[in-house]
Amino acid sequence: MPRLTPEQVIALAPDASAASAGRELASPAKWASIGESDLAAWGEAKGSGKNPYQTAVDLKDLAYKCSCPSRKLPCKHALGLLFRHAKSEIEHGTPPTWVQEWLDKRAERSEQKAEKAASTPAASPADAEKRTEKRWSKILAGIEECESFLEDAVSQGLYVSQSARSWDQMAARMVDAQAPGIATRLKRIGNAIGVGEAWGPNVAGQLGNLTLLLEAAKRIETLPEGLKADVRTAVGIPFRKEDLTGEPVEDVWDVLGSAIETEDRITTCRSWLQARSTAKWALHLAFSAAGQPFEFQPLIGTAFHAKAQYYPSAYPLRVHLTEIEPQPFQPRKGGLIADGLEFAADVWAQNPWAERVPIPITAGSFGQKESDWFVIDSAGRALPIKGEDPWHLVALFGNQPIEIVGEWNGSSLNVLCSSDDPWT
Amino acid sequence: MKTFNEVASVIQVGTQRATLPSVDFLPETGGEKPEKRALFLAGTLELMRRAGVVGIDSVKPLPTAPQENRRVAEASEAPLSEALDKKMTPVVLEWAEKAKHLRAVLPPALLTAMLPLVKKHREELLPVIGERGLWLAQLQGLELSPSDDDKFAVKRTEDPAAYREWLTAEYEAMDWKERLKAVKQLQIQLSIHDEPILEVALKDRRKEIREAALELLTSQASFKVAHELAMLAAPILNWKKSFLSTSLIIEAPERSELPKWLPKSPEIDGMGPKAMALIDVVSYVPPSTWGTNGAREKFFEHMSKSDYHRAMLEGLIVAAVRFKDQPWLDALYELLVSRSDIYKFKGRALAAHASPEMFERIALKGLRGVEYQSDLIVQMIIASKRPLSFELSCALIDTLKTSSRSHVILPFFARNMHVDAISRTKVPIEEHHVFEDTRLEVRNILSLRKRLLSSLDSLA
């Protein structure tokens, strides 16, 4: 793990008050003892009680341990420790027993997990095929029901058709049919009906895209391997990292953008990485439930050398990372909006169900037309921005041309990262 | 795109009510249900639309920000952001005061959070938002330009005579709010030449304008109005000296004897018409008029024996504040606090006006239980809203830390305490957890203020 910057530590905080309390704890006076090694940072934070709180951070996997009663993760003490680590204020030393024991336990658990995975006998190909067949037949039955539902909705019109609840009910039936990907799409459509000025074309587009997915799922056997994988993934049968067979791509990966979203109580961290030698894009996904930390969360502005194994797809983007070693951050320059849109078109031509595509824009600035916001490139082309207005970025950079990385979904750009330092 | 929108419209209203457009490049298969075809068309056309987006070229970028010619207080970003998050406006204003003196401006990252506050605290915060802040406010359509008060003040300062002429010429044409603002600015370099226009204002239709004019006309002895009031005041105090003692007789005027332009004070319970008339006169006469030769305590003693002592006191309090007479303000404050058995919490009106030395002396005595009731002193400190010295801050923490109301009062005071009083919060209070939480809360506020103020030290 590369040394974090204070901004990255703030990004790890569960909320603003934890970040601010953590920053306050970054003062040397708040610590009875403190130290760090290559693997961990630890300290005894002075609290209001008689005994100080014992805090430790696993710097490799960003895991935290603290004896304070806070339920926040990381707590303010762990954040305070990380702030001091970020400012290189901690002297190297040997971990005390309580830290070493914790690290040993973590290593032991990790080994046990790996052993368990290795020792679990792989299902015989025949069994696996049988299971897949069984699941697929369930999914096909669900798809038939879903198609009728969609046709009814379109026949009656969306104004008078089923309420959002009926879309949720249909989604629940698709979960029963073991097609959670289709269920998620149905819920999104139900929630989008009647919302916003342009809901008609938006919902029609989503309905159409779902129809193509249902049709492709019915004909999956006839599809090429890559597209078959995309259909499986979109329907909701993800590939396990253990099943990845492609050759890993070894490179230094710069983290250019990151977004965290919560849907159905699952928080997803999407990190967009770019290979330094080839400029190839990769998407790293990390998941967490019930406020648990991500197993690995690449932070914007960091870089690492790693082996990236791409998940099968007609246009592979998602990766599984192994053998991660920190490196200094050094991204390349972005481009014009036209270049990004061409890349997006290329991705969608091959995988129509890819939800987002990264677009790096050099010398981008912000503009407004009526109440809508846009990112404008140096050639004068503009893309609409999704979500909140970017006043804070306009204020921060004075609307001078800056480097911007966003996720393009075909309708709007989700600005993930911006910087006034020209990337070289 | 047009075809896609047409298909989307059909889906929206339903294929039972609308007909799909014909699409040449996607021929009909025959026998296909319209709803099925609508969904396929939507899927295909949406994909084509998405892949075919080229961006638009009719949006112009916003203008770029002007060069900032003052230093940006970069180090203040984190603590200031915390203060804004916690909505601690007084703490932000305290930072702004120091930043203004150092000609430092706000870090641009905080401008969007700060601008709504600038609207409310224009005078304090406008000087610290810098060129970038003004530029951003203009883009956001926020009105931060100088107020009428400022415009009039500048005009008056530049050329008092021209301002007077302008006001005389425009007076009748102005609306009453404008007239009020314009009359108030005559206080800048006020002179005998302003008397005619002030006398016009004294006869204005609006009470607010009449009162503003009277304030100014009573502020200098050379004005006719001030002279007239002095004449009215002259017979009020009558000292009677006998061989053994001296006594003070207060003669209250009849309301009918008073000029019409002298406003009536709001009614006070237990005060008759003559007492009220006395208040009206005394409150517009400089306290120095009463010729006590500095022996105010003696004067108060004699005054207390009169039937009109309460009315006299009411008038004196208003007059001391109005004429900013510091020795009188201090003497009255001390009197009101020391005789709280009679005057209750009346001293609150003067808590903000007493000199720092007097305020501190009384507050410390009260908190240490030497004189005065500590409850009364706490009330005075709350009412004063003034910054507290280190000694007073420590005394407050020590006095209130185990009070049943400490969790309410101490954090409130922490906004005005001396930041070094944080040392007093280090000692744990081994009592109820509420006190512990209070101590931590006070500590957090003081720590934030200390960090905020010291974040500007590098710019000093």
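How many bridges join β5(A) to strand β6 of chain A? Ten bridges join these two strands, and they run antiparallel. The model is predicted. Chain A has an open five-stranded sheet in the order β7-β6-β5-β8-β9, and a further open sheet of five strands in the order β12-β11-β10-β13-β14. Chain B touches chain A through 50 of its residues, which meet 49 residues of chain A.

**Domains**

- Chain A is divided into domain 1 (6–117), domain 2 (125–235), domain 3 (244–327) and domain 4 (337–419).
- In chain A, the C-alpha centres of domain 2 and domain 3 lie 27 Å apart.
- Chain B is divided into domain 1 (2–51), domain 2 (72–139), domain 3 (148–217) and domain 4 (387–460).
- In chain B, 33 Å separate the C-alpha centres of domain 2 and domain 3.

**The sheet from β7 to β9 in chain A**

- Pairing in this sheet is antiparallel.
- Its edge strands are β7 (281–289) and β9 (319–327) of chain A, and each pairs on one side only.
- From one strand to the next, the twist averages 35°.
- Strand β5(A) covers residues 249–263, and strand β6(A) covers residues 266–275.
- These two strands, β5(A) and β6(A), form a hairpin with two residues between them.
- In the turn of that hairpin, A:Asp264 has a positive phi of about 55°.

- The edges are β12 (382–384) and β14 (413–419) of chain A, each of which pairs on one side only.
- The twist here averages 50° from one strand to the next.
- Three bridges join β11(A), residues 372–376, to β12(A), and the two run antiparallel.
- A:Phe374 has A:Pro384 in β12(A) as its bridge partner.
- Helix α10(A), residues 337–350, packs on the sheet.
- That helix, α10(A), touches β10 (357–369), β12 and β13 (402–408) of chain A.
- The direction of α10(A) makes about 130° with that of β10(A).

**An enclosed helix in chain A**

- Helix α2(A), residues 16–24, has seven of its nine residues buried, so it is largely enclosed by the rest of the structure.
- The buried residues of α2(A) are A:Ala18, A:Ala19, A:Ser20, A:Ala21, A:Gly22, A:Arg23 and A:Glu24.

**Where chain B meets chain A**

- The contact joins 50 residues of chain B with 49 residues of chain A.
- On the chain B side, the elements giving two or more residues are α1 (2–13), α2 (34–51), α3 (77–85), α5 (111–120), α7 (130–139) and α24 (433–454).
- Helix α2(B) gives the largest share of that side, twelve residues.

**The largest nonpolar core**

- The largest nonpolar core has 223 residues.
- Those touching the most other members are A:Val375, B:Val7, B:Ile11, B:Ala42, B:Ala213, B:Leu278 and B:Leu332.
- Not counting residues up to four places away in sequence, B:Leu278 touches B:Ile236, B:Ala252, B:Pro253, B:Tyr308, B:Ala311, B:Met312 and B:Gly315.

**Helix packing in chain B**

- The axes of α10(B), residues 176–184, and α12(B), residues 207–217, come within 9 Å and cross at roughly 5°.
- That crossing makes α10(B) roughly parallel to α12(B).
- From α10(B), the residues B:Trp176, B:Arg179, B:Leu180, B:Val183 and B:Lys184 take part in this meeting.
- They meet B:Glu208, B:Ile209, B:Ala212 and B:Ala213 in α12(B).

**A closer look at B:Val225**

- B:Val225 is found in helix α13(B), residues 224–233.
- Around B:Val225, 22 other C-beta atoms lie within 10 Å, so B:Val225 is buried.
- Leaving aside neighbours within four places in sequence, B:Val225 is in contact with B:Leu214, B:Leu217 and B:Thr218.
- B:Glu195 is 30 residues from B:Val225 along the chain, and their C-alpha atoms are separated by 9.4 Å.

Definitions and conventions. Residues numbered from 1 in each chain as written. Chains lettered and ligands numbered in written order. Predicted model: local features only at pLDDT ≥ 70, side-chain atom pairs only at ≥ 80, totals over all residues. Pairing = 2+ DSSP bridges. Helix = DSSP H or I, 4+ residues; strand = E, 2+ residues; numbered from the N terminus. Axes fitted to C-alpha atoms, helices over the stretch in contact; angles between N-to-C directions. Domains from an automatic or database assignment. Core = buried A, V, L, I, M, F, W, Y, C linked by C-beta atoms within 7 Å. Buried ≥ 20, exposed ≤ 12 C-beta atoms within 10 Å, placed from the backbone. Contact = placed C-beta atoms within 7 Å. Parallel < 35°, antiparallel > 145°, perpendicular 65-115°, else oblique.
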